[in-house]
Amino acid sequence: MVELGLLGMFIAAFAAATLLPFQSEVVFAALQIANSQPLWLLITLATIGNTLGSMVTSAMGRGLERFRGRKWFPFTQDQMDRAQQFYNKWGLWSLLLTWAPLGDAIALIAGVMRTPWPIFIFLVALAKTGRYIALALITKGAVSAL
C-alpha cells in the first residue's frame, strides 16, 4: 500500500506539470497527513515527478517550432512573437515560476526558446522543490491548527 501511495504521488506530480489539467497538492497533503513515509521522500518524489513533467512540456515546446506557419498550427504568429518577447524580457529566471499556476506555459515557452537542458532542469527543480517544501509547511500548519 505504501508503494502505491508513493507511485501515486509521483504520477500526480508528473501529470500536474504537463498540459493535463491535474493537481498534485491533494495527493501530497494526504500522504503527508498519513505520515506513512518520511517527508523528505515525499518532497523528493514530488519534485522529481514534477520536474520530469515540466521536461515533457518543454520538449513539446521544442517540437512546436517546426510547425510554425502551417494553417493548423495552434498559435498565431502574434502569439508566438509575444511569447518570445516575454521570454526575452524575463529570461531564464522565469523558470523559477514554473511552480505557479501558469508554470506549464513557461516550460513550454522555454522549450520553444531552446533553453539548454542543464539550466532548465536546475532552475525548474529548484522551483519545484520550493513548491513542495512550502506545501509541506502549509499542510503541517493546517493540521496543527485543527
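Biologist: Tryptophan 72 first. Buried or exposed?
Modeller: Exposed, because its relative accessibility is 54%. Buried means under 20% relative accessible area, exposed over 50%, and partly exposed in between, with a 1.4 Å probe and protein chains only.

Biologist: What am I looking at here?
Modeller: A predicted model, in which local features need pLDDT of at least 70 and side-chain atom pairs pLDDT 80 or more, while totals for chains, interfaces and linings use all residues. Residues are numbered from 1 along each chain as its sequence is written, and side-chain values use heavy atoms, without hydrogens or water.

Biologist: Switching to rings. How many aromatic pairs does the structure hold?
Modeller: It holds 3. One of them joins phenylalanine 28 to tyrosine 132, with 5.3 Å centre to centre and 40° between the planes, so it is tilted. Phe, Tyr and Trp rings (the six-membered one for Trp) pair if their centres lie within 6.5 Å; under 30 degrees is stacked, over 60 edge-to-face, the rest tilted.

Biologist: Where do phenylalanine 28 and tyrosine 132 sit?
Modeller: Phenylalanine 28 is in helix α2, residues 25–34, and tyrosine 132 is in helix α6. They are 104 residues apart, so the pair links distant parts of the chain. Helices are DSSP runs of H or I, at least four residues, numbered from the N terminus.

Biologist: Is phenylalanine 28 buried or exposed?
Modeller: Buried, because its relative accessibility is 0%. Tyrosine 132 is also buried, at a relative accessible area of 0%.

Biologist: What about phenylalanine 67 and tryptophan 72?
Modeller: They form a tilted aromatic pair. The centres are 5.1 Å apart and the planes stand at 55°. Phenylalanine 67 counts as partly exposed because its relative accessibility is 23%. Tryptophan 72, as I said, is exposed at 54%.

Biologist: New topic, arginine 131. Which helix?
Modeller: Helix α6.

Biologist: Why does arginine 131 count as buried?
Modeller: Because its relative accessibility is 13%.

Biologist: Which side chain meets the side chain of arginine 131 at 2.3 Å?
Modeller: Glutamate 25, in a polar contact. That term means N or O atoms within 3.5 Å, one able to donate a hydrogen and the other to accept it; residues adjacent in sequence count only through side-chain atoms. The side chain of asparagine 50 also makes a polar contact with that of arginine 131, at 3.0 Å.

Biologist: And which residues beyond four places in sequence are in contact with arginine 131?
Modeller: Gln23, Ser24, Glu25, Asn50 and Trp99. Contact here is heavy atoms within 4.5 Å.

Terms used. Helix = DSSP H or I, 4+ residues; strand = E, 2+ residues; numbered from the N terminus.
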